[in-house]
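Start with the pocket, then turn to the ligand.

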Amino acid sequence: MSYIRWTTFALLGAIALACFAQAPAKKGKPAVTKKDFGKTADGHAVELYTLTNANGMKADIMTYGGTVVSLTAPDRTGKFGDVILGMDDVAAYEKGTAYFGALIGRYGNRIGKAQFALDGKTYKLPASDNGNTLHGGTRGFDKHVWTAKPGTGSELELTYVSKDGEEGFPGTLTSKVVYSLTDKNELKIDYSATTDKTTVVNLTNHTYFNLAGPGEGTILNHEVAINASRFTPVDAGLIPTGELRPVKGTPFDFHNPTAIGARIDQNDEQLKFGKGYDHNWVLDRNAAGLSGAAIVHDPKSGRVMEVWTTEPGLQFYTGNFLDGTLKGKGKTYVRRGAFCMETQHYPDSPNKPSFPSTTLKPGQTYHTTTVYRFSAK
Ligand code: BGC
């Protein structure tokens with residue numbers, strides 16, 4: 001039954017997409033352009049690439065953190081507008097933004113007690129979040145300048161080589177991320193990585209979306225459907241307990257499209273721990289490969305975002321820690337003024353043998369794909 005509800009919603013998204021695809025649109029040539037985007041405090045030049053697809057959809061991506069700085073999507077009138085939070089210059093990103101738009105590595109989300117064991121050896125990591133390690137440590141992949149190589153269409157390949165021992169992790173890890181803007185109005189992210197020593201890897205992207213536009217109030221009226229029957233409940237430090245808990249009968253059941261704000265402040269221990277939604281959903285899938293994870297709809301603009309991924313998990317985070325301090329694009333980013341859909345392996349997998357493994361060995365290639373597809377209805 002729940003699968004039927006999910007598929008119906010997915011179908012509605014597909015129909016909306018088909019309608020938009022039929023709208024008369026001037027087809028342009030997919031392209032990538034580059035400009036200087038200033039320097040980091042330690043003098044590294046940062047480049048800003050603009051990817052444009054045939055429909056005129058644009059993504060600005062900078063080499064600092066491999067960060068998506070802006071991303072446009074069509075509303076129900078076909079008008080493209082920015083749908084993500086971002087800052088105005090590199091200095092503002094370096095000052096700290098709660099990972100706006102950034103690539104996250106080497107390990108996305110939390111590793112409990114800032115340590116893990118691999119092949120009998122314990123690795124100690126920086127404790128960057130209540131005694132745990134969040135998003136790769138104190139200087140994760142979001143705080144390094146990546147090397148860019150534009151493709152022939154609207155693609156950009158970014159590479160970052162993380163040294164053996166960096167942030168406590170073993171092995172030199174070479175990560176490549178290819179961002180593409182397809183003519184189906186998708187931002188596609190392909191992640192790959194190789195290592196010279198056994199290590200753990202969990203790469204993701206931390207874009208904060210507001211489908212009504214950055215700084216356009218909260219996302220509490222956005223309707224969300226998540227293709228998941230279970231989630232990984234957490235302790236007070238947001239570390240999974242190891243349980244895969246059914247969502248049925250809880251505010252975590254998003255089989256039916258539901259407004260984010262409908263249950264977010266319910267008297268529920270898990271919501272209290274996260275100060276809202278800040279949890280990993282265990283995605284339902286019928287087969288390996290790219291599979292539908294979530295759909296978000298903003299009733300105001302009509303924009304729809306579908307999330308497709310090869311990953312087993314989805315961190316749905318509702319910007320609970322934003323508090324109006326961060327400002328960019330001429331706007332103020334209020335609490336719950338954005339949501340993140342971080343596709344990933346489950347948090348703390350290196351310490352949870354029952355979770356799908358995040359171990360990468362020399363000779364193996366890590367490869368995952370996530371697609372954010374935009375339409376309107
Ligand atoms: C985490 C949140 C955290 C946010 C920004 C999310 O991935 O789950 O707990 O506050 O990133 O730091």
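The lining of the largest pocket divides into 9 nonpolar, 6 polar and 5 charged residues. Here Ala, Val, Leu, Ile, Met, Phe, Trp, Tyr, Cys and Pro count as nonpolar, Asp, Glu, Lys and Arg as charged, and the others, Gly among them, as polar. The model is predicted: local features need pLDDT of at least 70, side-chain atom pairs count only at pLDDT 80 or more, and totals for chains, interfaces and linings use all residues. Residues are numbered from 1 along each chain as its sequence is written, and side-chain values use heavy atoms, with hydrogens and water left out.

A pocket is an open set of points on a 1 Å grid over the protein atoms alone, with protein on both sides within 12 Å along at least five of seven lines; lining residues have an atom within 4 Å of a point. The volume of the largest pocket is about 330 Å³, taken as the space filled by probe spheres set on the points, which are joined across faces, edges and corners. It has 20 lining residues, and the closest to its centre are Arg-110, Asp-129, Leu-134, Tyr-317 and Phe-321.

What takes up this space? The ligand does; a molecule sits in a pocket if more than half of its atoms lie within 2 Å of its grid points. Around the ligand are 13 residues, each with a heavy atom within 4 Å of it. The closest are Arg-110, His-135, His-206, Asp-278 and Glu-342. By class, this shell has 6 nonpolar, 4 polar and 3 charged residues.

Now the polar contacts (pairs of N or O atoms within 3.5 Å). A polar side-chain atom of Asp-278 lies 2.4 Å from a ligand oxygen atom. For Glu-342 the distance to a ligand oxygen is 2.6 Å, and for His-206 it is 2.7 Å. The protein buries 94% of the 310 Å² that the ligand exposes when taken alone, by the Shrake-Rupley method with a 1.4 Å probe.

Technical notes
Polar contact = N/O pair within 3.5 Å; in protein donor to acceptor, adjacent residues only side chain to side chain. 1 Å grid on protein atoms, 1.4 Å probe; cavity = no way out; pocket = protein on both sides within 12 Å on 5 of 7 lines; lining within 4 Å.
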